[in-house]
Amino acid sequence: MSLLRPKSSATALALALSQQTDKEEPGLKHLSDDVITNRIFDFMTDEEMTKIDLDNYVLFIENVLKASDQICVASHWAQGSKGHFVLAEDTMNYPSPIDPPICTLHQISSEMACKPPGVETVHKTTLDILSKLTRYPWEAKAVLIFTAFVTNYGVLWHLDNHSHSDPLAKSLATIKRVALLRKELDSVKYGQVFFNQNSMIYNCLKAVKYINEFKSLSKYDTKDVPELSAALRQIPLVSYWIIHILVASSIELHCYLSGVEGQTQKYLNEMTEKVSSLVLTLENHMQFIREQQEEVELYRWLVDQTDHFPTDVTLFLAKLINGKHKARPLINCSTQLEEHIEEFMKEKKLILIVSRSLNFSREDLEILQSVYKEVKKENKFEMVWIPVISDPPNDGDEEAYEALKSEMKWFVVPFAAKIAGVRFLEERWELREDLLLVVLDTQSKVEFSNAIHLTRVWEKEAIPFSYDRVKALMKKNWIDSTVLKYTDQPRLKSLVVINQERNVIFYGGHNPRWVKNFEDSAEAMKRDPVTREEGITFELVPVGRNNKGEHDPAVMFNFWMAQRSYFILKHQLHGSTASEDISQLISYETEKGWAIITKGPTVVFIGGGDSILKAIDEFQIWKKNLRRVGFSGSFKDYFDELTASSLHCTHVNIIGFSGWIPLIITCPVCRRYMGSGIRFTCCHGGPDVL
């Protein structure tokens with residue numbers, strides 16, 4: 001069967017189309033995206049590319065197509081009457097004239113004209129044209145070929161429009177056989193290829209517009225807009241298919257003008273499906289890009305407002321939550337009514353409670369409740385809880401949210417709200433798994449970046465959460481601030497703070513046998529004749545027991561949380577070496593047991609595990625030094641001697657805390673910098689052995 005055959009009736013054509021086999025028309029199945037990608041790799045070059053004004057070219061293409069379609073409609077309804085359709089004066093206006101490579105366009109037009117239909121011809125022609133455009137980037141290749149196509153298409157309909165009133169146009173239209181094209185206006189094929197907002201040509205235009213928009217967004221860093229990188233990688237493949245479809249459409253157009261049969265219906269259907277799929281893919285890319293773009297713009301705005309351009313805290317909070325200047329109402333848990341931010345935040349400071357999880361510890365919740373009661377006395381602060389809930393929510397999230405909300409008195413963001421400023425919370429304020437408590441003034445300036453550590457150590461004493469207040473609190477004794485309240489001997493406060501010579505041993509552990517052995521050895525040391533003879537006394541104080549004197553895991557959890565919070569605060573204000581005592585204590589959290597030896601308010605040393613137990617068991621060896629060095633000094637010297645001969649890796653775990661955490665920690669044992677990962681580790685020069 002000849003590919004160039006006279007057209008028959010519509011019935012005969014439909015019958016012929018239905019009888020075509022895969023052998024006669026292979027279709028697109030052998031042109032997979034992988035095959036095309038490998039093939040078009042040959043048309044990529046490292047040479048400097050020739051750029052064109054994509055915006056103006058795309059506007060030209062769109063204007064010609066729309067103007068031609070207006071003439072098509074007018075021609076269809078005119079039915080050969082005299083006169084011509086008059087386009088609006090601004091139909092073909094452009095910001096600046098395009099300057100096309102005219103010879104290149106002529107070559108492209110010649111390549112696309114008078115070719116036999118069929119996928120193999122179209123594919124070969126597409127590659128031939130691409131070989132002539134190697135110095136242009138892919139988006140320019142597609143746009144130039146589109147320009148060549150619409151130039152020819154527009155000329156045909158322009159001649160048809162003026163053929164009834166202009167003799168020259170009539171003669172040229174006759175030569176180009178435009179009358180045959182007019183007869184195709186009612187055909188299904190013409191509508192499928194050209195004359196329809198969902199036609200192949202219009203979908204190619206949509207694809208070109210998306211490509212142009214992707215290129216215009218290249219000013220964004222792909223680290224900020226990762227979807228843009230994925231979209232840009234699609235441009236060569238999409239450009240190939242745009243060109244392929246334009247070549248096929250041009251051949252179809254010339255088949256109409258030649259009076260021969262064009263592309264098979266199967267092939268047209270495959271191309272229609274292909275270009276529709278490409279447009280849908282590009283639309284999805286663009287949707288994600290716009291979301292990420294909005295996220296970037298919001299992130300930059302939030303950073304600017306907190307760092308450089310003070311703005312009303314009500315506006316900052318609205319943008320942080322909803323990304324808009326006016327946020328949806330928040331829930332006032334005291335009244336269970338909804339209130340707008342502008343109504344309750346006017347001229348007040350803001351305490352933001354931000355959480356990733358919905359499982360507040362009971363201790364944290366009680367602390368926040370006490371803080372709320374205190375700040376409401378002067379009514380200078382408002383508290384707002386922002387829960388960052390996964391999208392979609394997990395099973396049980398809403399129930400957990402409601403349970404927490406029922407115990408709060410302050411304002412909360414509704415469960416269904418999707419927080420717009422998550423990137424800002426994560427990257428700028430370093431939101432992780434733990435609670436984040438940020439204090440802002442009325443102009444959205446951060447007064448304290450994460451006050452959760454202050455509240456865990458000093459509770460409501462931390463108000464008003466200023467750095468001056470922190471400095472004042474940090475002058476207090478570490479033991480007084482973070483250890484005494486977890487003992488059952490409050491009378492020790494006066495002994496530790498007032499009596500500068502009083503020896504105290506604080507101890508604890510999760511291994512009952514270790515704790516029992518430590519207590520027995522300490523009591524034996526206290527009863528030793530030499531100890532009595534030297535007049536040495538010391539208090540033995542267990543940490544982490546309840547009112548019944550039993551080990552309480554909940555108390556110990558809060559104890560270790562307070563130690564980490566104090567460590568972060570002290571490290572932040574005074575550096576690594578100032579926090580070595582605390583980091584050493586934290587390193588013993590997973591040991592069987594630990595002890596803090598103090599003299600008055602001064603920490604003499606901290607020990608843990610078998611080493612401290614061995615040191616106290618071997619009192620008989622070092623008690624000879626009591627008179628010369630004193631109790632705490634001789635105890636420390638012997639402990640140091642033991643640990644120097646058997647160093648083990650030291651681990652300081654700071655996992656999941658939000659806000660600032662130290663990136664460098666000095667090992668409290670050997671003074672080397674600790675390696676960091678999920679936890680801070682130092683093996684004192686030896687191998688990392690757990």
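The questions and answers below go through a predicted model of one protein chain.

Residues are numbered from 1 along each chain as its sequence is written, and side-chain values use heavy atoms, with hydrogens and water left out. Because the model is predicted, local features need pLDDT of at least 70 and side-chain atom pairs count only at pLDDT 80 or more, while totals for chains, interfaces and linings use all residues.

Me: How many helices and strands does the protein chain have?
Reply: Helices (H or I, at least four residues) and strands (E, at least two) are taken as DSSP runs and numbered from the N terminus. On that basis, the protein chain has 30 helices and 14 strands.

Me: Are helix 13 and helix 14 roughly parallel or roughly antiparallel to each other?
Reply: The axes of helix 13 (residues 265–307) and helix 14 (residues 313–322), being lines fitted to C-alpha atoms over the stretch in contact, with angles running from 0 to 180 degrees between N-to-C directions, come within 10 Å and cross at roughly 155°. Angles under 35 degrees count as roughly parallel, over 145 as roughly antiparallel, 65 to 115 as roughly perpendicular and the rest as oblique. The two helices, helix 13 and helix 14, are therefore roughly antiparallel.

Me: Is Met200 buried or exposed?
Reply: Met200 belongs to helix 10 (residues 200–216), and, beyond its neighbours within four places in sequence, Met200 is in contact (heavy atoms within 4.5 Å) with residues including Ile245, Leu268 and Val275. Buried means under 20% relative accessible area, exposed over 50%, and partly exposed in between, with a 1.4 Å probe and protein chains only. Since its relative accessibility is 0%, Met200 counts as buried.

Me: What is the relative accessible area of Phe465, a residue with positive phi?
Reply: Most residues other than glycine have a negative phi. Phe465 is buried, and its relative accessible area is 0%.

Me: What is the relative accessible area of Asn379?
Reply: Asn379 is not a glycine, yet has a positive phi of about 55°, and lies in the loop between helix 16 (362–375) and strand 4. Asn379 is partly exposed, with a relative accessible area of 37%.
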